[in-house]
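Subject: The structure, and some notes to go with it

Hello,

Here is the structure I promised to pass on. Please have it open while you read the notes below it.

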Amino acid sequence: MTGPNRPNIVFIVVDDCGYADLGCTGQTGYRTPALDRLAGEGVRFTQAYANAPLCTNTRVAMITGRYQYRMNLGLVEPLRPANRDEPEMGIPPGFPTLPALLRAAGYRTALIGKWHLGFLPKYGPLKSGYDEFFGIMGGYTGYYTHKGEGGEPDLYEGELPVERAGYVTDLLSERALAYVETAAAAPAPYFLSLHYNAPHWPWSAPSVEAAARERELDRAEIMEGGSPRIYAEMMQILDAGIGRVVDAARHSGKDTLVIFTSDNGGERYSNIWPFVGRKWDLLEGGLRVPQIVWWPGHIKAGRATDQVSITMDLTATCLAAAEVAPDAGLPLDGQDLLPMLTGRAPAGERTLYWRMANRSQRAVRRGNWKYLKVGDREFLFDIGWDPRERGDMAKKRPDLLNELRRSWEDWNRGMLPVPDSVTPALSNLQEMLW
């Protein structure tokens, strides 16, 4: 594929979506027909992992294609306004990011949605490879008030704050729809990062708009409230918006690759069955995410694959689909999934690594085995047999435990060290395991 034959790419990322929050992955409390259709026409991953159980860290890996622990920004858990004046708290301008590499190869690039990879004026989407930006600079924004962390307005057009009336999920969907319709008519291919804030808190929906507006203005309640019903409404609005955008790509007649994933596992109201844990945890519930790849004419539709994958693989896959080489001096840690997706290669075994300063967590997944450390406790699970991580095999297989621990330590020596300023704290994760 060269020149005008390179595919358009729509990279959809949702925020804090649990593995089973879609109908096609197990949700029965509400319907997600657009995403279910996308899965039916594409490939659904049953063993897709986020690079981290937190947003900033996964997004560093996603935009660079490398383990987030290679950059200072990837060590914060997560990026907050208090980090603003710390050194290297952003994607360096000029870094060969995914959008920058694609733009250099002739793609038009846009980010519609959440950035959370550094503060203006030093950092921002327009400094990291995107031609256009409309969305949220920080970790979240009020769905109605459009105020982010610290109570400051957080809705931007380019690098300028703007005021828009409306529910943020709908604003992002409408902007993305307009972008796809316009961009599809132009000869050059486009790369659209559509990174929703939903279903991240504050949990707000049209049926409770008045109360939601009040909560979004009360800093003490910004992470409170919500309910399974409100969450379901948020997910259905999200699904409908994604459906409109994908329909525009579907009807454009242009070759288009669509990727859907979440930045980490689910939060308070998410469905994470059959897993244990949630956002912040290196348990499966904090890391396992829904993932769909749709590329008509290139991959066989209606399949589910048990190929183990991680967020940064999607970066490598986008570059491969566009026939764009990564930067020679910064080799990717992610793996191109196209050989498996197109049937040129079978699913293959992977070895993946994670760490969190919070609660001193470590994890390795190799084949079906998972090594997990939380505080001073070590665990060994056979994920293929025991996806809920209930049966600790550490005493039965001390040889394998030691082998995976050494593997993690060897890998970790190639990453930046955990900052001394971070004081890990234990919490109920150990209680869940014990």
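The side chains of K279 and D16 are joined by a polar contact of 3.0 Å. By polar contact I mean a pair of N or O atoms within 3.5 Å; within protein, one must be able to donate a hydrogen and the other to accept it, and residues adjacent in sequence count only if both atoms are side-chain atoms. This is a predicted model, in which local features need pLDDT of at least 70 and side-chain atom pairs count only at pLDDT 80 or more, while totals for chains, interfaces and linings use all residues. Residues are numbered from 1 along each chain as its sequence is written, and side-chain values use heavy atoms, with hydrogens and water left out.

K279 sits in the loop between β9 and α7; helices (H or I, at least four residues) and strands (E, at least two) are DSSP runs, numbered from the N terminus. Its relative accessibility is 7%, so K279 counts as buried (under 20% relative accessible area; exposed is over 50% and partly exposed in between, with a 1.4 Å probe and protein chains only). Leaving aside neighbours within four places in sequence, the residues in contact with K279 include D16, P53, H200, W201 and E267, where contact means heavy atoms within 4.5 Å.

Now to the salt bridges, each a side-chain nitrogen of Lys or Arg within 4 Å of a carboxyl oxygen of Asp or Glu. The count by this rule is 28.

- R359 pairs with D281, their closest N and O atoms 2.4 Å apart. R359 is in the loop between β13 (351-356) and β14 (361-366) and D281 in the loop between β9 (256-262) and α7 (284-287), so the pair ties together parts 78 residues apart in sequence. Both R359 and D281 are buried.
- R250 and D247 form a salt bridge of 2.4 Å, N to O. They are about one helical turn from each other, because they lie 3 residues apart in helix α6 (residues 228-251). D247 is partly exposed, at 28% relative accessibility.
- R405 meets E378, with 2.7 Å between the closest N and O atoms. This pair links distant parts of the chain, R405 being in helix α10 (residues 398-412) and E378 in strand β16 (residues 377-382), 27 residues apart.

Salt bridges with shared partners also join D15, R59, K114 and D263 into one network.

R59 is one of the buried residues of α2. In this helix (residues 55-64), 10 of 10 residues are buried. Their cover includes β1 (8-14), α3 (98-104) and α8 (311-321). After α2 comes G65, with a positive phi near 75°.

Best wishes
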